[in-house]
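Student: I am new to this structure. Please show it to me, then take my questions.
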Amino acid sequence: MAVNLAVKIGSMVMRTPVTTGSGTFGFGSETKDLVDLSKLGAVCVKATTRERRLGNPPARMCETASGVLNAIGLQNGGIENYILEKLPYLRQFDVPIIVNVPGENPEDFAYVARRLTETGGADAIELNISCPNVSHGLDYATQPHLTAEIIAAVKAVTHLPIIAKLSPNVTDIRPIAKAAEDAGADAISLINTVIGTAIDARKRTFKLANKTGGLSGPAIKPIALLAVYRVAQTVHIPIIGMGGIMNATDAVEFILAGATAVAAGTVSFVNPLAAIEIADGIADYLTQNGFTDVHDIIGAVQ
Amino acid sequence: MQALAAPGHFVLTFDDPETARDARPGHFIAVAATTPANAGSSILRKPFSIFTVDREAGLCTILFSVYGPTTSTMALYKPGDKLDFLGPLGGRVFEADPHSDVHHVMVGGGYGVPPLNFLAKTIKAANPNAKVTLIYGARSANLLVGDDGLREAGVEIISCTDDGSLGVKGRVTDGLSPLLAPPAPDNGGASVHVYTCGPTPMMRAVAELCTAHNKPCQVSMETPMPCGIGICVGCVLKKADGTFSRTCTDGPVYPATEVTWQ
């Protein structure tokens, strides 16, 4: 029995509910020998900023118990480099493109969003208002009114679906999600990484040059699941759930908590095909449990 | 399947004709290995340099010692078990100096020795008359136990120990210096090309010595590699031009002049 896996995020149609997670899949071409991008629900590329960014000095990553701590620092070639060098490869595939956009002020966000809109460089824009590695703790996504300010600035320059990527590093994520919805966001993605650090006892130094980093991987899955559930109880726009998803069962849990779609993030480091295999596994789950449509289980946790 | 190369060190042989065909010195594989008991505690793949290849048999080997969950699992593997790996990985690998009269000098330490062993054999296979020397620190001597083919292939081996009990007294740079400084009676005046792989402080000392003597030097950089395939951008080193380079896909081998040492 065929099952329907297709979902919509604003006007963007995803063939499966599984996208790659920003920063965990490069710009798509790195895995050209391994991954057929057209089998993904969407491809979410690495953060793209107005100007080129060199990123943070090494060490940038270290493994922790059931997780990975990173402080990459948004290394990327800038929006014009993306349009010229990255986009042509991505557009060879019949797959929606989500571009993750960070910025230091509303003008930066709007500039990149406008360029993406003018050039057909994206099918949706994920506003990275929650990267813990560049903001010095002043993420836009820590304050409802700052979240709304960025979304409004981008809404004014694009018709593309806007996805607000929220931070777990807040007291209560619900008013921030509500502010994003009220400001016109078409969807919410969560969670970004959980801020943390790691120390080398032998050297008596921080393990990351940046001292702090963002934690991802299975270690943060319970935090992410609760955030998705709470936000799903708060807003009416779709949620893209992420945070420690390693397999289809994890993904189903996020959908049951209220996510319409999910992202395979850190798992792609281990298995670049994970986002495709997880979608297959969701289909198997639906079939085995007598469902015909992924929508039947969105938010269905009892 | 695997054998104990020396106390605490394992040689793991795996059957993959494509990797055996394509692997070149400096390439590595990224292994995922867990048991039900430790699944999830360490989720990332771990990189291992290719040690030997047998193209006709389609076999490759890697060397490892037990360090964490991945290698603990690998140490339990039995003949016939399946190895979950990506590879061969690496963008720029060792390039043998094409000049026939060059003296190839390899300087290794610890787990930097396996790819140099592979390189030495590759150079000798292409040109049996090539002059090849491998210098290594005594602490890594036991890593050569698993393969005694180097001397048979005509590779000169110089070991260096702190107390002089074996080979040259001192560090690998003490073994390297006489080969770089003119006049060079040992090499008949031939030009020298240095290849190094091992702990970063050792490679830095080797690279700086080569720079001082104006000799070409290739370094295989060792940084933690979360993905090994270029998507995480976590394994970077800072290059001399100020940019950050992914050692997994832009390296791991660089001309010594391109890297900075931090």
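Student: What covers the buried residues of helix 2 of chain A?
Tutor: This is a predicted model, where local features need pLDDT of at least 70, side-chain atom pairs count only at pLDDT 80 or more, and totals for chains, interfaces and linings use all residues. Residues are numbered from 1 along each chain as written, with chains lettered from A and ligands numbered from 1 in written order. Helices (H or I, at least four residues) and strands (E, at least two) are DSSP runs numbered from the N terminus. The cover, judged by contact (C-beta atoms, placed from the backbone, within 7 Å), includes helix 1 (79-90), strand 7 (97-101), strand 8 (124-128) and helix 3 (144-155) of chain A.

Student: Which residues of helix 2 of chain A are buried?
Tutor: Buried means 20 or more other C-beta atoms within 10 Å of the residue's own; exposed means 12 or fewer, and partly exposed lies in between. Those of helix 2 are F109(A), A110(A), Y111(A), V112(A), A113(A), R115(A) and L116(A).

Student: Which residue follows helix 2 of chain A?
Tutor: Helix 2 spans residues 106-119. The residue after helix 2 has a positive phi, near 65 degrees: G120(A).

Student: How many helices and strands has chain A, and what is its radius of gyration?
Tutor: Chain A has eight helices and 16 strands.

Student: What share of chain A is buried?
Tutor: The count runs over 302 residues. Buried residues make up 59%.

Conventions: The expected span of a helix is 1.5 Å times one less than its number of residues. Two residues are in contact if their C-beta atoms, placed from the backbone, lie within 7 Å.
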